[in-house]
There are 2 protein chains.
Amino acid sequence: MSREHVFNFSAGPSVLPESVLRQAQKDLMDYQGCGMSVMEMSHRSKAFQEIFDAAKAKFKKAMKVPDTHEVLFLQGGGTLQFAMVPMNLIEGGTADYAVTGNFSGKAAKEAKKYGTVHLAADTTPTGHDRIPTQAELQLSQDAKYFYYCSNNTIYGTEWQYVPETAAPLVCDMSSDILTRPVDVSRYGLIFAGAQKNMAPAGLTVVVIDKSLAGRELPITPEIMSYQTMIDKDSMLNTPPCWCIYMLSLVLDWLESQGGVAGMEQLKRARAQKLYDYLDESDLFIARALPGSRSDMNVTFRTPSEALDAEFVKGAAERGLLNVKGHRISGGMRASLYNAMPMEGVDALLSYMKDFEVKHHV
Amino acid sequence: MSREHVFNFSAGPSVLPESVLRQAQKDLMDYQGCGMSVMEMSHRSKAFQEIFDAAKAKFKKAMKVPDTHEVLFLQGGGTLQFAMVPMNLIEGGTADYAVTGNFSGKAAKEAKKYGTVHLAADTTPTGHDRIPTQAELQLSQDAKYFYYCSNNTIYGTEWQYVPETAAPLVCDMSSDILTRPVDVSRYGLIFAGAQKNMAPAGLTVVVIDKSLAGRELPITPEIMSYQTMIDKDSMLNTPPCWCIYMLSLVLDWLESQGGVAGMEQLKRARAQKLYDYLDESDLFIARALPGSRSDMNVTFRTPSEALDAEFVKGAAERGLLNVKGHRISGGMRASLYNAMPMEGVDALLSYMKDFEVKHHV
């Protein structure tokens, strides 16, 4: 099945803008007449340094990152951040964690190796079907930071508000970064794996309030010290050059599409179409509760696992790829990241309606 | 300057085989008619799993990895391994380190955070101009492992023998992996950043004796546990998919060129041409001592820094890129990794001879 007949709903790594891929393909053998692929450039070369600086400047512009904060391009994904955050920020004290899904749960578990974890919220008992309200958050007195994951890809929930806390906010934005305006000044640290809205897998973007760096535990590996990476401008060692180049191209595309404000409009519109239909459907059931629903990952199911499987199979035959839900949650999931065009949502909706007509009891 | 007029002598990231880049370019928009780029594939998809499994199988075949050992595809480069090795293997005890260059020095420094480091050798006093002999190695009684870096890119030295030690060998082969046959069974652990002989930057390949895994310190991040990564087949989290795909293509090319045995012949021949000339030259001076010289990174200089600078400038004008030495060692460096054709060496040699005629006093 060729590219023009496919919509890729993968939860990550995910669809990239077609124009970005075309540019990467065009430049692949010889970047701007320098005689080398970006994949072959020394990370210390002038040509690569320009790519690096441009990517960083574009990211800062898109996110309106204030001068109090630094942008880092790291490796290891969100999973390395689960350890890096407490190693650098917990200082042997206590941190508040809101566990609203699989990845915030993993982060809380990892942090226990380096300090005391206080669960400010835990939606495990109800299968992570919603986001706690501000009033429900149980904040501890002297927390070094408050940690949450703004969008839960597996369960299809998303924080619709920014928590009010005395402690600095640390947020895993892996699945909704660059999809809406964010007041970066309210955050101590933001991190995101690139493979959903930014670039191919292998790059982690960190935005850190510089005043929080330099407090790492003595057992922190040099490469995992935010202060060292700030001092070295992310180049203590060889960075993931190709991913940084791809991010730079994606940020050009993002700007041409109206930036994060443009993405926010689109994200709301895409998801709303699906939720409106799900709430009316007699066959499909939305997984997440209203008020907590994710614009990025719409999760739903039919009344039976057999029918779910049939739906997923039929979707693939129509070129609607990767709509199977995560193995933990089952059912279906449509991931609607920045590069998903409205045509993809319309095609999915059309298939869902056909499927419901065929299977309505 | 277009690709056909350039030879890229970068120490890393480095030149990749042209046929590999062409294949990557061809497949970039749509991998084998699946409607997606490799950069857009879920790492849990069948299509990517096949790429992953193929890359691993080809690597095991090329390196003749025995069943006692596991191959891991990780992130973070050699620098993360500097911490990951002691976190997993030192068990609060002592490890022997042979410091023969910048990166083994960094590794030894990092290991001190997790145990006791005994310097089995240290060539710092003579500017890392040679590799210690077996007889010179001062091995401690109960070392958990013996650590060395088989090729020093900055100083242009390479171990011509495998150390005999009671403790398991741990080797940083970042700059000479896949360039010669290696008896993997003699090693407890081998690691290598991909960006010299294997793939674009962002992938670290680890080969570990499975019996050494599972001894990590309690403060080890989950993602840095070799045992966890063995159990998860390197997919605890999203791996650097594009780099793994590129490695797979490079391994196809490697096999077509006679595998590691073919590479070894070429590597000897390439370097010998340059060293033979350097030893005869009245202008150029080889940096490393005979018996310790690297086939991968030939380091040399003229009698003056001004002349070095002129040489580097003139080289670039001829399309001989990145021959400037590392800032630590100065002078010049020609990095001759697997993808460097003999024509590149001949072009460099021709320029060196012209330069000597012009500048001979």
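The contact between the two chains takes 63 residues from chain B and 63 residues from chain A, where contact means heavy atoms within 4.5 Å. This is a predicted model: local features need pLDDT of at least 70, side-chain atom pairs count only at pLDDT 80 or more, and totals for chains, interfaces and linings use all residues. Residues are numbered from 1 along each chain as its sequence is written, chains are lettered from A in the order in which they are written, and side-chain values use heavy atoms, with hydrogens and water left out.

**Buried area**
- Chain B and chain A bury about 4,900 Å² between them; buried area is the accessible area (1.4 Å probe) that two parts lose on being put together, summed over both.
- Carbon and sulfur atoms hold 57% of that area.
- In chain B, M29(B), M39(B) and E40(B) lose the most area to chain A, together 15% of what that side buries.

**Salt bridges**
- The rule finds 2 salt bridges across the interface (a side-chain nitrogen of Lys or Arg within 4 Å of a carboxyl oxygen of Asp or Glu).
- R3(B) forms a salt bridge with E40(A), their closest N and O atoms being 2.8 Å apart.

**Helix α6 of chain A**
- Helix α6(A) covers residues 241-256; helices are DSSP runs (H or I, at least four residues), numbered from the N terminus.
- 13 of the 16 residues of α6(A) are buried, so this helix is largely enclosed by the rest of the structure; buried means under 20% relative accessible area (1.4 Å probe, protein chains only).
- G258(A) follows α6(A) and has a positive phi, near 95°.

Note on methods:
Helices (H or I, at least four residues) and strands (E, at least two) are DSSP runs, numbered from the N terminus. The expected span of a helix is 1.5 Å times one less than its number of residues. Buried means under 20% relative accessible area, exposed over 50%, partly exposed in between (1.4 Å probe, protein chains only).
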